[in-house]
Amino acid sequence: MRKQLNIRQYGAIEGGKHLCTKAIQMAIDDAATCGGQVYVPSGIYLTGALFLKSNTSLYLSEGAVLLGTNCEDQYPIVSGRVAGIEMDWPAAVINVRDATDVRISGPGVIDGQGEYWWEKYWGKDRRGGMRASYEKKGLRWAVDYDCFRVRNVVVLNSENINLEGFHSKRSGFWNIHICYSSNVTVREIQISDNHGPSTDGIDIDSCNHVLIEKCVISCNDDNICVKSGRDADGLRTARICENVTIQNCTIYEGEGITLGSETSGGIRNIRILNNRYKGTKNGFRLKSAKTRGGVIENITVENLHMLDVAHPFSFQFNWYPKYSYCEIPQDYKGEIPNYWQKLVQKVPAEQGIPHARNITVKNVTATLQEKYDGESEAFCIEGLEEKPLENITFEEVNIQAKKFGRIINVSGIHFNQVKIESKM
């Protein structure tokens, strides 16, 4: 049995007023010497960035809250990858870096106090902040990188990692980001209260052998997203994301289960099984752009049940041009960071066109309640003329929708027992 190290014995003070980073990190460092468990008892503990080590575990007990401080200097700048680009960025509240055999579990909460970071990005009214300033300068594509918002949990370059049972809320940016890692299990995680910009639920980024199951997710962007790098930098690293299973999850507010938009390293062997949706914008979603490149292939989607989902199937390969295509305005006179140079680096046309093939969708139902008054279309499938989507199969699919939608630039689409019911 692991030795248990209570953070209070190291000087952590509950109440959310005293910064406990040093005390908690001391407990983590001692646990690393004995393979112990760091125990967080009931109470609110204010903290900056914490770094877990190999062969350790962190247990968040019932009523325990790790409250991320909004003091930016408490999150050191570290190397990593953010939104498809390798760059330096603030550490997360909880960090697992270059580690093996790490477990984060328990019914407690990781709370990122996201409102501070959200206001920094888009102001109190969601129309101002850095976002509005950058858009006026023609720099929409850069603001997500420049704003330096803190994530709740980051797992980087690690293996044999288990995340189970805890609640992630109010993350400044993505909630859980798993990158360059293998043999990772994410089970029975709850993600909620994430009303800020780009507060993705779980992002799986150039990983191998990942299982996500029995999670309940509500957020303000992709609920679960599979990624593999962006544009020239993603093509340079060329790290595929493969062998990922997403099953038995409940998906509420958000953009749904998504592959992309960072597809440069390729995405393959993905299984999306037995998931339920309610009030989600999208069900199963693919997105990429003409500078991404990469191949999405061998995807199985089966047994999805959707209620009040606006777009059950959304495949867009020229997604969000203002964000996807980066160009420094000719009249720009400010600093040009290194990561901007990566973003604007030209990708040869033949390398930039992404491709998707061999996708099977089976046994999906999508229904609308009588009171549902939002937008609704069964299909938004938009491949690229330069390289159409290839070999897409829909079988045993029943959808209620206001519109059929559109399907363009697909080579080999197969329908077997597909029913679309118009519900105006």
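1. Charge. Lys and Arg are counted here as positive and Asp and Glu as negative, while His and the chain ends are left out. On that count the chain of this predicted model carries 49 positive and 51 negative side chains. The centres of the two sets lie 2 Å apart.

2. Overall form. A compact globule of 424 residues would have a radius of gyration near 22 Å, and the chain, at 21 Å, agrees with that. The C-alpha trace spans about 65 × 50 × 40 Å along its principal axes. Of the 424 residues, 58% are buried. The accessible surface comes to about 16800 Å², and carbon and sulfur atoms account for 45% of that surface.

3. Secondary structure and contacts. The chain contains 8 helices and 33 strands. Taking contacts between residues at least 6 apart in sequence, 74% join residues at least 24 apart.

4. Helix α2. This helix covers residues 115–122, and its buried residues are Trp 117, Trp 118, Tyr 121 and Trp 122. Seen down the helix axis, these buried residues fall within an arc of 105 degrees, so they line one face of α2. The general rule behind such a pattern is that an α-helix has 3.6 residues a turn, so residues three or four places apart point the same way. The partners of the buried residues of α2 are α3 (129–136) and α4 (140–146), against which they pack. Just after the helix comes Gly 123, with a positive phi of about 75 degrees.

5. Glu 119. Leaving out residues up to four places away in sequence, Glu 119 touches Lys 124 and Gly 129. Glu 119 and Gly 172 are 53 residues apart along the chain, and their C-alpha atoms are separated by 9.8 Å.

6. Helix α3. Met 130, Ala 132 and Tyr 134 are buried in this helix. The buried residues of α3 pack against α2, α4 and α7 (338–344). After α3 comes Gly 138, where phi is positive and near 75 degrees.

7. Asn 338. Asn 338 itself counts as exposed, at 52% relative accessibility. Along the chain Asn 338 lies 251 residues from Met 87, yet the C-alpha atoms of the two are separated by 8.3 Å.

8. Gly 256. The loop between β23 (250–251) and β24 (257–259) holds this residue. Gly 256 is buried, with a relative accessible area of 0%. Which residues does Gly 256 touch, not counting those up to four places away in sequence? They are Asp 222, Asn 223, Ile 224, Ile 251, Tyr 277, Thr 280, Asn 282 and Gly 283. Lys 227 is 29 residues from Gly 256 in sequence, and the C-alpha to C-alpha separation is 14 Å.

9. The cis peptide. Gly 260 and Ser 261 are joined by a cis peptide bond, with omega about 0 degrees. Ser 261 is in the loop between β24 and β25 (267–278).

10. Asp 308 is not a glycine, but its phi is positive, at about 55 degrees. This residue sits in the loop between β27 (295–307) and β28 (311–316). With 10% relative accessibility, Asp 308 counts as buried, because the class takes in residues under 20%. Asn 391 also has a positive phi, of about 60 degrees, without being a glycine. Asn 391 is placed in strand β31, residues 389–401. Its relative accessible area of 32% makes Asn 391 partly exposed.

Terms used:
Residues are numbered from 1 along each chain as its sequence is written. This is a predicted model: local features need pLDDT of at least 70, side-chain atom pairs count only at pLDDT 80 or more; totals for chains, interfaces and linings use all residues. Side-chain values use heavy atoms; hydrogens and water are left out. Helices (H or I, at least four residues) and strands (E, at least two) are DSSP runs, numbered from the N terminus. The radius of gyration is taken over C-alpha atoms; the globule rule is 2.2 Å times the number of residues to the power 0.38. Buried means under 20% relative accessible area, exposed over 50%, partly exposed in between (1.4 Å probe, protein chains only). Contact means heavy atoms within 4.5 Å. Accessible areas come from the Shrake-Rupley method with a 1.4 Å probe; for residues, only the protein chains shown count as cover. The place of a charge is taken as NZ of Lys, CZ of Arg, CG of Asp or CD of Glu. The arc is that of the directions from the helix axis to the C-beta atoms.
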